[in-house]
Amino acid sequence: MKLSTAIWLVLFLCVPERLCIARTERSASNSEGEEAFKLLSSIVKEGGRRGLQECENQFKNEIWNCTLNNKEIFRELPIFVKTTLPYATRETAFIHAISSAAITHEITLQCRQGKIPGCSCAVVKKQRRVTDDWQWGGCSDDIRYGEKETRRFIDRLENGNDARTAFNLHNNEVGRKVVRSSVQKECKCHGVTGSCSMKTCWRRLVNFNTIGSKLKEIYFRATQVSFENNKLQERIHKKTRAVSKRERKLVYLDSSPDYCLRNDSVGAPGMLGRTCRSDEVSTTKCKSLCNSCKMWHQTQEHYKLVKCKCQFVWCCTVKCEMCSERYSVTTCSRG
Ligand SMILES: *[C@@H]1O[C@H](CO)[C@@H](O)[C@H](O)[C@H]1NC(C)=O
Ligand SMILES: *[C@@H]1O[C@H](CO)[C@@H](O)[C@H](O)[C@H]1NC(C)=O
């Protein structure tokens, strides 16, 4: 129950009945608030963890593979203080965006599943056109709630008036925007069987992997900015222009280090000894990873057992044989 509702209830019960239950109501509401806060904190942590997992998944076959210099970061989630991400690079921007997106996604999802008290389906007010053969109904995901709570938990950690604060806030917002703009319409048919003359539709989050891919595209187009006159400014043809909060564009202040080389201060393990498997990514891609770091590569053949020649056996099992399948492991090396 929201505090305002509780107070309203107290007034309503106190005045006409002269039965003052203000104290019990208030404390009930406070502990409920505390419960909700605790619950949300754990969801925020969970979301942050999922964000980093998706980061690793998206970048597993890139030179920067989402390694962080500090494994402790997983414990500190989602507090991305300067000590864990000291440089405001494109990669740090991505981590901010994907974490904020994951937290928004997680809160919104758990809200739909009824796991968060005080939040449920969203009311979609947008009017449909008369010609539409569908109407809003069902349970729409309440993205606004997810965004609001994400802001409350992670943006409030940023209370300076400096370049890094502006950088963090901007990229956090990009993450939330991508979640919001990826929402899809899902529908269900009504009417005579199979006719689908009338449909009920609701808004639904897309799966987080899709959001991760979108953010990765945005990462590749990130823009370097500077912080002038309290604004993030990008330079275009010798002119500066403030980056609007509305733009879905990741920004960064510091150039990235060379991730090919080991650099402990940024937590980059370097590409020497990096491996990739041909059953996960093409051998060409594996080799080009090493080559783009001016390294050689060594390739070893391996075999693994996989199920094959599967047949349906009446009734009702599937019988397979085991076949050995070849794959190779490519390792970046000095020579
Ligand atoms: C590591 O990266 C930082 C940030 O880009 C850079 O300032 C530093 O010189 C690098 N260190 C090495 C040993 O390359
Ligand atoms: C990233 O690459 C390094 C080696 O360059 C490897 O040790 C590490 O496990 C990789 N991380 C992920 C998440 O794949």
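User: How do strand β4 and strand β5 pair?
Analyst: In this predicted model, strand β4 (residues 223–228) and strand β5 (residues 231–236) pair in the antiparallel sense over 4 bridges, where pairing requires that DSSP finds at least two bridges between two strands, and strands are DSSP runs of E with at least two residues, numbered from the N terminus. Local features need pLDDT of at least 70, side-chain atom pairs count only at pLDDT 80 or more, and totals for chains, interfaces and linings use all residues. Residues are numbered from 1 along each chain as its sequence is written, while chains are lettered from A and ligands numbered from 1 in the order in which they are written.

User: And what is the bridge partner of V225 in β5?
Analyst: The partner of V225 there is E234.

User: What order do the strands of that open sheet take?
Analyst: The sheet has 4 strands in the order β6-β5-β4-β7, with mixed pairing. Because β6 (239–242) and β7 (251–252) stand at the edges with a single partner strand each, one side of each has no neighbour in the sheet.

User: Switching topic, which residues are around ligand 2?
Analyst: Around ligand 2 are E56, K60, N65, C66, T67, P269, M271 and R274, each counted as near if its C-beta atom, placed from the backbone, lies within 6 Å of the molecule.

User: Ok, and where does C201 lie?
Analyst: C201 lies in strand β3 (residues 198–204). Between C201 and K185 there are 16 residues of separation in sequence and 6.4 Å in space, C-alpha to C-alpha.
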